[in-house]
Amino acid sequence: MSELRLGDMVDDHCSKCRMLTNHSVVSIVDSSPAKVECRTCYHTHNYRRGKGGAKKKPGKKAALFDEVLAKITGDLPN
């Protein structure tokens, strides 16, 4: 892979768009991108190497919803 320069395009996970999009390299540290700017929403963030955020754990609302749904459908857990 050739060395990246400022303004080059890379794929990365945008924390604002919440998906993998094209980004422009904004700053470089030790010959790797440090900050990038999303070319869709123009949000600037640290380079994540294409890794997305952690999935949220289901909260209390999801557990309550499942309980109510189980009562309605008749599938009561034992």
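**Cysteines and a hairpin**

Cys-17 lies in the loop between strand S1 (9-14) and strand S2 (19-29); strands here are DSSP runs of E of at least two residues, numbered from the N terminus. This is a predicted model, in which local features need pLDDT of at least 70, side-chain atom pairs count only at pLDDT 80 or more, and totals for chains, interfaces and linings use all residues. Residues are numbered from 1 along each chain as its sequence is written, and side-chain values use heavy atoms, with hydrogens and water left out.

**Cysteine sulfurs**
- A search of the whole structure finds zero disulfides, a disulfide being a pair of cysteine sulfur atoms within 2.5 Å.
- The closest cysteine sulfur to that of Cys-38 is in Cys-41, and at 3.8 Å it is too far for a bond.
- Cys-41 is in no disulfide either, as its nearest cysteine sulfur, that of Cys-17, is 3.6 Å away.

- Cys-38 is buried, at 0% relative accessibility (buried means under 20% relative accessible area, exposed over 50%, partly exposed in between, with a 1.4 Å probe and protein chains only).
- Cys-41 is partly exposed at 25%, and Cys-17 is partly exposed at 23%.

**Contacts of Cys-17**
- Leaving aside residues up to four places away in sequence, Cys-17 touches Cys-38, Thr-40 and Cys-41, where contact means heavy atoms within 4.5 Å.
- Cys-17 and Thr-40 are 23 residues apart in sequence, and their C-alpha atoms are 8.0 Å apart in space.

**The hairpin**
- S1 and S2 run antiparallel and are joined by six bridges; two strands pair if DSSP finds at least two bridges between them.
- Met-9 stands opposite Ser-24 in S2.
- The hairpin has four residues between its strands, and Arg-18 takes a positive phi near 60° there.
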